[in-house]
Amino acid sequence: MHHSIGDMIADCLQNSVEANASRIVLTVSETPQWLDVRIEDNGKGMSDEEMKRATDPFYTDGVKHKHRKVGLGLPFLIQTVEATDSTWNLRSKKGEGTILSFRLNLRHIDLPPVGDLPLAFFSAMIFDGSYELVIHRSYNGSCETEYTVTRSELKEALGSFEDAEALALLKQFLTDQESDIKEIKNGEINTGRTAQNARSREKTD
Amino acid sequence: MAKLTLEELRKMREAGKKQIDTRQTHGKEIFVVIGMGTCGIAAGAKSVLNAFIAKLDEKGITDAVVKQTGCMGLCHSEPTVEIKMPGMPDTIYGKVDAALVDQLIDEHILGKKLVSGHIIDRPAGDIMK
């Protein structure tokens with residue numbers, strides 16, 4: 001299993017890049033109870049049969065990994081979903097693209113930590129190629145906040161995603177975008193005032 | 001709290017570029033390629049990527065290019081990092097962690113000496129990306 005949800009998101013995004021998608025849209029919406037993730041790409045897509053195989057840990061297409069017998073990206077996600085009262089969905093059309101979505105139960109004790117999401121976004125931004133990646137991130141707890149980042153805009157601002165200085169700035173920028181959400185979540189933890197607690201207090205009052 | 005804007009990011013990049021011009025660079029490029037397949041990610045490749053970015057920037061190594069690749073067929077030794085640079089053989093290091101990143105930068109990249117204990121054989125060409 002992956003160490004964090006961020007790792008799972010990075011892994012699934014890498015699948016989209018490897019499927020030659022020219023446009024990938026990632027939406028990560030969070031409440032104190034749920035983390036909703038949706039990855040939509042216009043890559044090569046899969047037939048029904050291929051989709052079934054993609055969820056089988058003991059199958060890989062033999063193209064991406066020659067001589068290898070396992071493909072663990074999606075199975076890791078499914079394993080986590082099944083262990084944590086969460087849900088997932090995969091829709092795909094050959095030649096058109098794929099939509100992977102999952103809703104993770106953040107209150108389940110067996111759910112891995114969310115981890116460093118900006119680092120996952122960063123990793124997904126810097127693969128080779130000219131694909132577009134749009135990331136919508138939102139949090140709706142004691143306060144609501146959201147941001148959107150676009151790969152082409154960031155690449156234009158930095159000139160390239162190659163040298164260490166550009167990459168350090170990109171990482172800094174993405175981490176900074178997440179700072180409001182981090183602050184709100186820390187505040188909720190420190191005061192015990194999560195949205196769910198607030199709702200249950202209202203009910204008992 | 002005001003967040004960084006794209007305009008600010010652009011200015012920070014331009015300010016950095018001016019500094020780079022005044023620094024002495026090696027003149028040739030160094031490629032650091034990090035395996036970022038499922039196996040790499042599961043073994044901690046994202047921390048390795050993070051450590052490389054931070055350390056290269058901190059040490060002012062401006063002629064290094066950091067790239068990611070998928071599975072290199074070395075799942076048993078992830079996280080893996082390949083370093084290609086002038087004056088050194090193309091080398092794949094396995095079981096890399098953030099602490100080893102420091103050593104790879106100091107000894108391999110700056111000192112031009114191989115770091116023993118972590119070098120692994122290149123897999124057959126047919127399983128390379």
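Start with the hairpin in chain B. Strands E3(B) and E4(B) form it with two residues between them, and B:Gly87 in the turn has a positive phi of about 85 degrees. Before you go on, some housekeeping: this is a predicted model, where local features need pLDDT of at least 70 and side-chain atom pairs count only at pLDDT 80 or more, while totals for chains, interfaces and linings use all residues. Residues are numbered from 1 along each chain as its sequence is written, chains are lettered from A and ligands numbered from 1 in the order in which they are written, and side-chain values use heavy atoms, leaving out hydrogens and water.

Now select residues 81-85 and 88-93 of chain B. These are E3 and E4, running antiparallel and joined by four bridges. Click B:Glu82 and you'll find its bridge partner, B:Ile92, in E4(B). (Helices, H or I with at least four residues, and strands, E with at least two, are DSSP runs numbered from the N terminus; two strands pair if DSSP finds at least two bridges between them.)

Zoom out to the whole sheet. It is open, with five chain B strands in the order E2-E1-E3-E4-E5 and mixed pairing. E2 and E5 of chain B are the edge strands, each pairing on one side only. Over at E1 (residues 30-35 of chain B), the pairing with E2(B) is parallel, over six bridges. Look for B:Ile34, which stands opposite B:Gln68 in E2(B).

Keep those two residues shown and select B:Leu49, in helix H3 of chain B. Buried or exposed? B:Leu49 has 0% relative accessibility, so it counts as buried (under 20% relative accessible area; over 50% is exposed and in between is partly exposed, with a 1.4 Å probe and protein chains only). Leaving out residues up to four places away in sequence, B:Leu49 touches B:Ile34, B:Met36, B:Val66 and B:Gln68, plus A:Phe122, A:Ser123 and A:Ile126 from the other chain. Contact here means heavy atoms within 4.5 Å.

Nine of the nine residues are buried, so H4(A) is largely enclosed by the rest of the structure. Among them are A:Leu119, A:Phe121, A:Phe122 and A:Met125.

Finally, show both chains together. The contact takes 37 residues from chain B and 47 from chain A. In chain B, B:Lys3, B:Arg13 and B:Lys46 lose the most area to chain A, together 19% of what that side buries. About 3,700 Å² is buried between the chains, with carbon and sulfur atoms giving 56% (that is accessible area, 1.4 Å probe, that two parts lose on being put together, summed over both).

How many salt bridges are there between chain B and chain A? The count is seven, where each is a side-chain nitrogen of Lys or Arg within 4 Å of a carboxyl oxygen of Asp or Glu. For one to look at, pick A:Glu162 and B:Lys67, whose side chains meet at 3.0 Å, N to O. On the side of chain B that touches chain A, H1(B) gives the most, with eight residues.
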